[in-house]
Amino acid sequence: MRLVTAISLMLAVPDAPAASAWYQRALGATELWNLGSVIGLEVGGAPFFLAQPENNRWESPAELGTTTVRVEVFVDDPDSFAAGAAAAGADYHDPVRDHEAPWGTHRQGGFFDPYGHLWLVGDESPLRRR
């Protein structure tokens, strides 16, 4: 059996259950499991975690006043994905639009979720092997 390497992210949020409800409503996320302060979610089969920092040397962007990671998600319809987040209260500061890239024209835009995390939404990942 071949083991597959997976990289996922855990987003620091002040209230994991409330954040889970927002991600479900805004992004169509599905809750995989819920331990209260740590919750596993997925969006279109891509898993991620939410957790409440508890004096364990990490903190939410809202608490720090900045973010250090961009969450990049690639979907068939980035316009609808970002619009759903905006309708649920995200700061849709960078509307989805066409961008020229070495692999051709692609659509991408971005928003900050209510917890201070920066999301970039595009239609084609530059990480695919070409």
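The model described here is a predicted one. The points below begin with this pair of helices, continue with the core, and end with a loop.

**The contact of α1 with α3**

- On the α1 side W22, A26 and L27 take part, and in α3 they meet F81, G84 and A85.
- Sorted by class, this contact of α1 with α3 has 5 nonpolar residues and 1 polar residue, with no charged residues.
- In general, two packed helices are described by the distance between their axes together with the angle between those axes.

**The buried face of α3**

- Helix α3 covers residues 78-87, and within this helix P78, F81, A82 and A85 are buried.
- Seen down the axis of α3, these buried residues fall within an arc of 90°, so they line one face of the helix.
- The elements against which the buried residues of α3 pack are α1 (16-27), β3 (38-43), β5 (70-74), β6 (91-101), β7 (104-112) and β8 (118-122).
- Just after α3 comes G89, which takes a positive phi of about 110°.

**The largest nonpolar core**

- The largest nonpolar core has 26 residues, and of these W22, Y23, L27, F111 and W119 touch the most other members.
- At least two residues of this core are supplied by each of α1, β3, β4 (46-51), β5, α3 and β8, while the largest share, 6 residues, comes from α1.
- When its neighbours within four places in sequence are left aside, W22 is in contact with L27, A85, A88, A90, F111, D113, P114 and Y115.
- In soluble globular proteins, nonpolar side chains generally tend to be buried together.

**The loop between β4 and α2**

- N55 has its place in the loop between β4 and α2 (61-64), and its phi is near 55°, which is a positive value in a residue other than glycine.
- N55 is exposed, with a relative accessible area of 84%.
- R57 also has its place in the loop between β4 and α2, and although R57 is not a glycine, it has a positive phi of about 70°.
- R57 is exposed, with a relative accessible area of 88%.

Methods. Residues numbered from 1 in each chain as written. Predicted model: local features only at pLDDT ≥ 70, side-chain atom pairs only at ≥ 80, totals over all residues. Heavy atoms only, no water. Buried < 20%, exposed > 50% of the residue type's maximum accessible area, 1.4 Å probe, protein only. Helix = DSSP H or I, 4+ residues; strand = E, 2+ residues; numbered from the N terminus. Arc of directions from axis to C-beta. Contact = heavy atoms within 4.5 Å. Core = buried A, V, L, I, M, F, W, Y, C linked by side-chain atoms within 4.5 Å. Nonpolar A, V, L, I, M, F, W, Y, C, P; charged D, E, K, R; others polar.
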